[in-house]
Amino acid sequence: MRFFHFYTPEQVPSSGIPECAVAIDVLRATTTIATALAAGAEAVQVFAHLQQLQEASQNWPASQRLLAGERGGKAVAGFDLGNSPLDYTPDRVRDKRIFLSTTNGTRSLQRLEGIPVVITAALVNLGAVVDFLRRGSFAEVWLVGSGWEGAFSLEDTACAGAILHRLGCSLNQLGNDEAVAALALYQTWQDDLLGLLRRSSHGQRLLGLGPENDKDLAYCADLDRLSVVPRQVQPGVLASGG
């Protein structure tokens, strides 16, 4: 396998399609998606724009849908859920379809829709993702961070590096400088991932919205908490796979 890392969806090449792509948004979309599916949600359907989400959700029975939205770290007014994984409990989401739009993570997923195999990764389901990639033996894999409004993010790059580290990748398996940097970043911070999340600009942004968000950071830093691999089953729709 050969791996490429892209800091943001904007950095993803417009030509060339790998066999597999991994979307990463540790704070918090891909953490929340994994949590929702592990809690029994039927699927998570993602949207870059709130209006698209609202229109599509009308085609789903009201009793079987939940609208989840986040902008700037805050829940969207009038929606059922925001983007805190702690809110996605089994009693709330079991057997429901989650219609989700976030500031950054859902944009990454829409950018990758046309790739044959698309999964999502976070620190909470790291081991399951690594096992999936090992079994797949894909010739080329893109690890795509979500960043923050087009800018680099520490936490997504560290998660990409954690995947490369767990897979035991050699340098000749890393296809670009960003992948080398991701591996080095994770190896530097692997013993203090919560500290990294608190230090990151988005971690600081969430803490600035309220100290209670430190519980989200602790959850998002909890390695291997979940065994689910969210996988795209149709464009924009993720279900448990692996």
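R225 counts as partly exposed, at 46% relative accessibility; that label covers anything between buried (under 20% relative accessible area) and exposed (over 50%), worked out with a 1.4 Å probe on protein chains only. Before going on, note that this is a predicted model, where local features need pLDDT of at least 70, side-chain atom pairs count only at pLDDT 80 or more, and totals for chains, interfaces and linings use all residues. Residues are numbered from 1 along each chain as its sequence is written, and side-chain values use heavy atoms, with hydrogens and water left out.

**Charged pairs**

So what does R225 pair up with? Its partner is D222, with the closest N and O atoms 2.8 Å apart in a salt bridge. That term stands for a side-chain nitrogen of Lys or Arg within 4 Å of a carboxyl oxygen of Asp or Glu. Side chains of opposite charge can pair when their charged atoms come close. The structure holds 7 salt bridges, and the table shows some of them.

| Salt bridge | N to O distance |
|---|---|
| E10 and R107 | 2.1 Å |
| D214 and R198 | 2.8 Å |
| R225 and D222 | 2.8 Å |

Take E10 and R107, whose side chains meet in a salt bridge. This pair links distant parts of the chain, 97 residues apart: E10 sits in the loop between β1 (2-6) and β2 (20-24), while R107 belongs to helix α4 (residues 105-111). Helices (H or I, at least four residues) and strands (E, at least two) are DSSP runs, numbered from the N terminus.

Next come D214 and R198, another salt bridge. D214 lies in helix α10 (residues 214-220) and R198 in helix α8 (residues 193-199), so the pair ties together parts that are 16 residues apart in sequence.

How open are these side chains? E10 is partly exposed at 48% relative accessible area, and R107 is partly exposed at 23%. D214 is partly exposed too, at 23%, as is R198 at 34%.

**Two helices packing**

Now for helix α5 (residues 126-136) and helix α6 (residues 154-166), which pack at an angle of about 55° with their axes 10 Å apart. Axes here are lines fitted to C-alpha atoms, for helices over the stretch in contact, and angles run from 0 to 180 degrees between N-to-C directions.

Where they touch (heavy atoms within 4.5 Å), residues of α5 including L126, V130 and L133 meet residues of α6, among them C159, A162 and I163.
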